[in-house]
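Subject: Structure handover

Hello,

Here is the structure I promised to pass on. Please open it alongside this email.

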Amino acid sequence: MQLTERHKQYWNINLRITGILLAIWFVATFVMGWYARELNEITFLGPLGFYMSAQGSLIIYVAIIWYYARYMNNLDKEYGVHEGELD
Amino acid sequence: MTTQSTSHKQFLANLKKYYTFYTGGFISFVILVGILEQMGVPNKILGYMFLFATIALYAGIGFMSKTSDVGEYYVAGRRVPALFNGMATGADWMSAASFIGMAGTLYLSGYDGLAFVLGWTGGYCLVALFLAPYLRKFGQFTIPDFLGARFGGHLPRFIGVIAAITCSFTYVIAQIYGVGLITSRFTGLEFEIGVFVGLAGILVCSFLGGMKAVTWTQVAQYIILIVAYMIPVVWLSVKHTGNPIPQIAAYTTALPQVTALEKEFNDKTTVKGAAEESVRVIFREKAAVADAKLKGLEAGKDAFLAEEKAKVAAKVAELKAATPPADPKAVEAAEKALKDFPADAAAAKAAWTKDKGIGARAAPVKAHAEPFPAAGKTPEEVEKNRSVAKKNFLALIMCLMVGTAALPHILMRYYTTPSVHEARVSVFWSLFFIFLLYFTAPVLAILAKYEVYSSLVGSSFANLPTWVSNWAAVDKTLMSISDVNKDGIVQLAEIVIGGDLIVLATPEIAGLPYVISGLVAAGGLAAALSTADGLLLTIANAMSHDLYYKMIDPNASTMRRLAVSKGLLVVVALVAAYVTSLKPGDILFLVGAAFSLAASAFFPALVCGVFWRRANYFGAVLGMSLGLGVCAYYMYMTYPFFGIKAPLWWDINPIAAGTFGIPLGFLGIIIGSLITKAPSQEIQEMVDNVRYPSLDGTVSAGSAGH
């Protein structure tokens, strides 16, 4: 089947949201890890660097996936590429 | 559509009902065992009750889900709702290492152990963003299926099969080891027998019902393992801090006190610090003596050894001849020293090197919350060691994350959801259920440390807490404690704790009855069995579906395919159990190796397969073999087990070999694809098809469920 302009637009939006969420994931993992010693100077539920790696970043991961699923499932409907009515 | 919708809703409602009943039933069972305990039934019987009741339960679910339908056998008929697929993935994912080992690793290594927590959760972001929805849309049976269809030809599929078998087999050995350990510890069965009892439970389940049975069993196993993990931690938190939410209490109440105690232990001017120092002095002296002997041995060889032996013999003679007669215990000790004296120079070197190692126990207490603690003689050396530690920490996280998004037994689970929509939601539930355990493990480590630092240290040897004496009697590698400086009081430096102790002993530390210990053992067993289930099925499917059906005999009948798959399942399980009973090396390294291998072989090919239309056959073959090859080569050259010990590349440890394999895998695909011609129109259309949940408004059923 030939893809329409709308289909291409849908894919570009998908790439954009994937990129943004990936950047957040990168910061929550590698930037936080790199600066863990510096972050430990700040106190939030204990030393912040430790807290982020033990709990904070994990919460961000769960939120990233939750947001992506919600965003994409709405985008599917908006662009008419969703799958019938299953739920 | 509407009839399908109603039946799906009905199915979901029924599932919720069944599992609510099941959870209620399981809790009643635990209460019943608790009552039996109060009536005086011995602990060993209670242990057997937990072992056999849970294995019988899993086998029962497997029996009820028996199937001879290919779609049900391979992908559970693609009707597993997001919530339940999330629980099944959680159980599939969390292995014995997560359940038993994780909190212990964190207890022992503090911040640096968090690489595992981050790596094993953050990887799901990659699964969600790059793989799960697209694989579901593709909708076949295995991961090599995708490689075969996307890149064409047999070779990409074949490399996929080899990689899937290699990493799953490495990983399954670690699981069966866990099964053997738990059954032997809690029931007193032999390790080898424990392995086979556990294996029987796994086999009944996957043999009869394949993915369908494994899925519904894993949901049941998830419920047991999460309940078993949470109860003792919550109780411990209430006991210590009065706060029933350990995930907050540990950071606000326990961690500051642990940090304060660490400082006190390291400060020689305080009472506790001085006591610690008195123990450390003894360790340092022992290490110095051993070091002097090693240097003497180096210089004097066998002559020095003979001289040392003569000294020991002289001491025995002196004690025996002494008037008044020496203390018989001292004579006995001297005679034992003579008897145990190393026979040759090699044995002496080994024994004295071990003695020298005791010097490590004289080191100051590591700060739990400090990232990348490092030691060194000069500030520059400290800085250098610290940057190596930091680099390895981040490299390990990357390998574990990318590996998570490449392990076939996890990716396969997203084939089983009813739609792309459900696949996306299902990754969310997966990580949510995994998160519940993973954000509790660091908390448990802190609470256990608090208990040890604040109440065990400083207590008297005459009156040790019961959990300490119990575990010290059971297993010296888990708990060893001795009054080194003979002051009758416990110092931190006098305690050696094995990581696995933390989870296993938590119920006793919290003062809970034995029934909860049994529950924890059942939880650990559920974690190990569920992961082993998923892995064995992945290996058997790679061989029966990809190798036999797709490559050797494409005309095989359905019945024949299933028969081959089930036969292979038994063979693989027996081989795995046999290899496990040989007790091969370091479990943590095996697990790490599986992740690095999977990450290097699969991730670049899978992601490029979806996101880069231009990726083709040659690129995939080059990228996968380069990634897998470099990763395996680096591990072989640098991991001490293989005996080559080549110098490290940029100080990266062998466990993080994927650091080199992953980028080279991508590079191989890009170069290989660009120097050969673009894939056919047909394949490019398939890529488009995978990118959109539906181009015509229907649910892609794949080839299953019909």
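What follows is a short tour of what was found.

One caution before the details: this is a predicted model.

**The core**

Start with the largest nonpolar core, which holds 232 residues. Seven of its members touch the most other members: I65(A), I176(B), L225(B), V402(B), L447(B), L536(B) and A598(B). Which helix gives the most to this core? It is helix α9 of chain B, residues 191–241, with 23 residues.

L225(B) is worth a click. Leaving aside residues up to four places away in sequence, L225(B) touches A91(B), M94(B), F99(B), G523(B), A526(B) and A527(B).

As background, nonpolar side chains tend to be buried together in soluble globular proteins.

**Where the chains meet**

Chain A puts 43 residues into the contact, and chain B puts in 46. Sorted by class, the chain A side has 25 nonpolar, 13 polar and 5 charged residues.

Now go back to α9(B).

Take α4(B) to begin with, residues 82–93. The axes of α4(B) and α9(B) come within 7 Å and cross at roughly 70°. An angle from 65 to 115 degrees counts as roughly perpendicular, so α4(B) and α9(B) are roughly perpendicular to each other. From α4(B), the contact uses F84(B), M87(B), A88(B), G90(B), A91(B) and D92(B). They meet T215(B), Q218(B), V219(B), Q221(B), Y222(B) and L225(B) of α9(B). This contact divides into 7 nonpolar, 4 polar and 1 charged residues.

Next is α19(B), residues 501–509. Its axis and that of α9(B) come within 9 Å and cross at roughly 50°. The two helices are therefore oblique to each other. α9(B) passes α19(B) in a left-handed crossing. P232(B), V233(B) and L236(B) of α9(B) make the contact with T506(B), P507(B) and I509(B) of α19(B). By class, there are 5 nonpolar residues, 1 polar and no charged ones.

Then comes α21(B), residues 558–581. Here the axes come within 11 Å and cross at roughly 160°. How do α9(B) and α21(B) run relative to each other, roughly parallel or roughly antiparallel? An angle over 145 degrees counts as roughly antiparallel, so α9(B) and α21(B) are roughly antiparallel. Their crossing is right-handed. On α9(B), the contact is made by E192(B), V195(B), F196(B), L199(B), I202(B), L203(B), S206(B) and F207(B). On α21(B), it is made by K566(B), L569(B), V570(B), A573(B), A577(B), T580(B) and S581(B). The classes are 10 nonpolar, 3 polar and 2 charged.

**Single residues to look at**

Two of these sit in the loop between α13 and α14 of chain B.

- I358(B) lies in that loop, with α13 at 345–357 and α14 at 379–404. It has 15 C-beta neighbours inside 10 Å, so it counts as partly exposed. I358(B) touches F283(B), K286(B) and A287(B), not counting residues up to four places away in sequence. I358(B) and K286(B) are 72 residues apart in sequence, but their C-alpha atoms are 7.4 Å apart in space.
- F372(B) is found in the loop between α13 and α14 of chain B. Its phi is near 45°, a positive value in a residue other than glycine. With 18 other C-beta atoms within 10 Å, F372(B) is partly exposed.
- K486(B) lies in the loop between β1 (479–481) and β2 (495–497) of chain B. K486(B) is another residue other than glycine with a positive phi, near 55°. It has 10 C-beta neighbours inside 10 Å and therefore counts as exposed.
- K315(B) lies in helix α11 of chain B, residues 271–321. It has 17 C-beta neighbours inside 10 Å, so it counts as partly exposed. K315(B) and F21(B) are 294 residues apart along the chain, and 72 Å separates their C-alpha atoms.

Best wishes

Methods:
Residues are numbered from 1 along each chain as its sequence is written. Chains are lettered from A and ligands numbered from 1 in the order in which they are written. This is a predicted model: local features need pLDDT of at least 70, side-chain atom pairs count only at pLDDT 80 or more; totals for chains, interfaces and linings use all residues. A nonpolar core is a set of buried Ala, Val, Leu, Ile, Met, Phe, Trp, Tyr and Cys residues joined through C-beta atoms within 7 Å. A residue is buried if 20 or more other C-beta atoms lie within 10 Å of its own, exposed if 12 or fewer, and partly exposed in between; C-beta atoms are placed from the backbone. Helices (H or I, at least four residues) and strands (E, at least two) are DSSP runs, numbered from the N terminus. Two residues are in contact if their C-beta atoms, placed from the backbone, lie within 7 Å. Ala, Val, Leu, Ile, Met, Phe, Trp, Tyr, Cys and Pro count as nonpolar, Asp, Glu, Lys and Arg as charged, and the others, Gly among them, as polar. Axes are lines fitted to C-alpha atoms, for helices over the stretch in contact, and angles run from 0 to 180 degrees between N-to-C directions. Angles under 35 degrees count as roughly parallel, over 145 as roughly antiparallel, 65 to 115 as roughly perpendicular and the rest as oblique. A crossing is left-handed if the near helix is turned anticlockwise from the far one by less than a right angle, and right-handed if clockwise.
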